[in-house]
Amino acid sequence: MVSKSRSENVQIPIGPQHPALKEPESFLITLQGERITKSGVRLGYNHRGIEKACEQRTYIQAMYLIERVCGICSHSHSTAFVQAVEEVAGLQIPRRASYIRTLIGELERVHSHLLWLGVAGHEIGFDTLLMYTWRDREVVMDLLALLTGNRVNYGINTFGGVRRDVDAAQMEQVLKGVDILEERTKYYITVATDEVTLINRLSNVGKLAHDDAVRLGAVGPTARAAGVARDIRKDDPYAAYADLDFNVVTATQADVYGRTLVRVGELLESCKMIRQIIKNMPDGPVTVKAPRKVQAGEAFSRYEAPRGEDVHYVRGNGSDKPERVKVRAPTMANVQAVAHMLQDGYLADVPIVIAAIDPCFSCTDRLIGVARESGGRGIMTWEQARQAGIEWHRARGIDFTRLNETFRCGEPR
Amino acid sequence: MSLVSKIVTWARIKSPWVLHFNTGACNACDIEIIAALAPRFDIERFGVVLKGTPRHADVLLCSGPVTRQIKDRLRRIYEQMPDPKFVVAVGTCACSGGVFKGCYNVTAGIDTVIPVSAYIPGCPASPAAIVDGCVKLLMSLEKSEEQAAG
Ligand code: SF4
C-alpha cells in the first residue's frame, strides 16, 4: 500500500482499518525518510446522520439517540442535549438531579481517562499498563452499572432531571470504589513521573505550543497540557459544578507527556469531586414534570466532556420534535491540531500522537449539506466549504487564513 | 474423522484469531469488546487473540450499523480474510440497525452486507455477552465439524 510520488516523498495511507486505530478513520501521511512532511485526515466513515435523524424523532427518542453519538462520553452528549432542551422549555431541574448528573459525569470522566491511559500504554508497546488500567476501570464500570443499570450508555438523564435516585447504600459503595480508584491513580502518577521509559517515550512527541493550541482551537486536556487553563466546568459552570471545589489541571510540557500528566491529575480531581458530591448531596425530588411539546426557541449548551468542550445547539418549534440539533464534539476541535502535531515528527509516533488527543471519531463525523441562499441544495467539497467560510468571516472582519499553513485536509481517496 | 482433520478442527477451535472492525458503531460496543479482552473477562483464556490484519483473522468482530462509507471497506476486509471465516455482529445496531435504523447514512446491520454467523444483542453488548457469544460460536463449530465427519 505504499505509493511513490516525485523524488523521495512516500505517501502512506493509515486506515480506515489499521491496527493502530480503534475506529475507522483514514490518515494520509507523506514522508521524507522517517520524517512526516505533510498529513491529512479524512473523516466520515462513522457518519450515521444523527442530527438529521433527531429531527424525525420526538425529544425523548432523540435523547437516547444523542446518547449514542459516542459510547465513551455518552453522558456528556446526553447531558449537553438535555440542558439545551431544558433551557428552551424553561425548566429548572431539582438540585438533587443536578448533583446526580454531575456524579455520573465525573464517574464517566474517570472511566474515560483510565481507558485513555491504557490505550496510550498500548500504543507505545506498554501493554502491562493497558491491562492494569483496564482492570481498575472495571471498578468504576461497576459503580456506573450500580447507579444507572448499564455499564455504558447510562440512560440516566431525562428532561427535567434524572431517571433514577441514588440511595445511601449506593453512595457508600461509590465511596468505597473511589478509595480504590484514588489509590490506583496515585500509583499511576508514580508510574508517570518515575518511569524513565515512559517519560522518554512521550516527551517532545506531538508538540503543540500554547499559542498554537489557542490558534487551532484545541479543547480539553489537549489544550490544558499546553498551559491553556480552559475548562467549562470552571468557566461556565453547569449542573452542580458551581458548588464544587476543584482545580483545573494544566501542564507546561505541551507534548504527549503533558497530556498524560493532565489526565492522571484530573483523575485525582474527579475522585475529590465525587466525594464532595456524595457528602453534600441535597435531599428532594429528582425530576420535575417536563412538557411533551417544547416551545419555540433555541439554546446553546456547553459541557466539559472528558475530551474537551462539547457543544450542543437545539432549536424547537413548538412541536414534540426538535427542528434542528447540532453537535460539535470535542474531537472535531482537536483533530485540526493533530496535523500540526504530526508535522516534522516521526512515522513511529503517529499512533501515539493521534491517540493523545483521545480521539473519538464517532463523535466527530459530521456532514454539512448546503442550502444556498439563491435556492437549491448541494454538497460542497472541503475546499469550497473552507473558501466560503473564509469569505464569510472576512466580510465580518475576521481572518482565519493563517490556519491554512498548518492544516490541509487530505484529498478524497 | 481422519486424524489430520481432527487436529485442524482442534486447532481452529482452540485458538481463533479475531479482528475487530468498527462499522459505524457508537464506540460503546467497541470498548466492551476491549473490556472482554481485559483481565476481568479475559476472553484470551479461550484462545482468542486480537489481530491487526484481516489476513490473520478467523473471526471478524463487527460493531455498528454499517454506514454507507464503510460498506465497501467492510466487504473488502471480509474478502481478505482466509477461509474458513466467521463474522460476529456485536451489539443491537450491528444485528439490526438498532437506534440508527432509518438514518439516511446507514444500512440495517452487518448481515445486509456480509453473512453473519453469530449475533450478540445488547446496547451495548456486555463483555459477558460477548464472551458467551464467542464461546457459543466455537461450540457450534465443533458440533458442525463432528457432524460433517459423521
Ligand atoms: S449497539 Fe448500541 S452501544 Fe453498541 S454500537 Fe450500537 S448504538 Fe452503540
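Student: Into which domains is chain A divided?

Tutor: In this predicted model, chain A has domain 1, covering 51-329, and domain 2, covering 382-412. The centres of domain 1 of chain A and domain 2 of chain A, taken over C-alpha atoms, are 31 Å apart.

Student: How does one read a strand as enclosed or open, taking β3 of chain B as the case?

Tutor: One asks how many of its residues are buried, which here means under 20% relative accessible area. In strand β3 of chain B, residues 59-63, five of the five residues are buried, so the strand is largely enclosed by the rest of the structure. B:Val59, B:Leu61 and B:Ser63 point one way from β3(B), while B:Leu60 and B:Cys62 point the other way, and all are buried.

Student: Which strands pair with β3(B), and in what sense?

Tutor: Strand β1 of chain B, residues 17-22, pairs with β3(B) in the parallel sense over five bridges. Strand β4 of chain B, residues 86-90, also runs parallel to β3(B), and five bridges join the two. B:Leu60 illustrates both pairings: this residue is the bridge partner of B:Leu19, and its bridge partner in β4(B) is B:Val87.

Student: Through which helix does the chain cross from β3(B) to β4(B)?

Tutor: The path leads through helix α3 of chain B, residues 68-80, and this β-α-β crossover is right-handed.

Student: How are aromatic pairs to be read, and how many are there over all chains?

Tutor: One considers the distance between ring centres and the angle between ring planes; planes over 60 degrees apart count as edge-to-face. The count over all chains is eight aromatic pairs. A:Tyr241 and A:Phe246 form an edge-to-face pair, at 6.1 Å centre to centre with 65° between the planes.

Student: Are A:Tyr241 and A:Phe246 buried or exposed?

Tutor: Both A:Tyr241 and A:Phe246 are buried. Together with A:Tyr238 and A:Tyr303, they form one aromatic cluster.

Terms used:
Residues numbered from 1 in each chain as written. Chains lettered and ligands numbered in written order. Predicted model: local features only at pLDDT ≥ 70, side-chain atom pairs only at ≥ 80, totals over all residues. Heavy atoms only, no water. Buried < 20%, exposed > 50% of the residue type's maximum accessible area, 1.4 Å probe, protein only. Helix = DSSP H or I, 4+ residues; strand = E, 2+ residues; numbered from the N terminus. Pairing = 2+ DSSP bridges. Right-handed = clockwise from strand over helix to strand, strands pointing away. Domains from an automatic or database assignment. Phe/Tyr/Trp six-rings, centres within 6.5 Å; stacked < 30°, edge-to-face > 60°.
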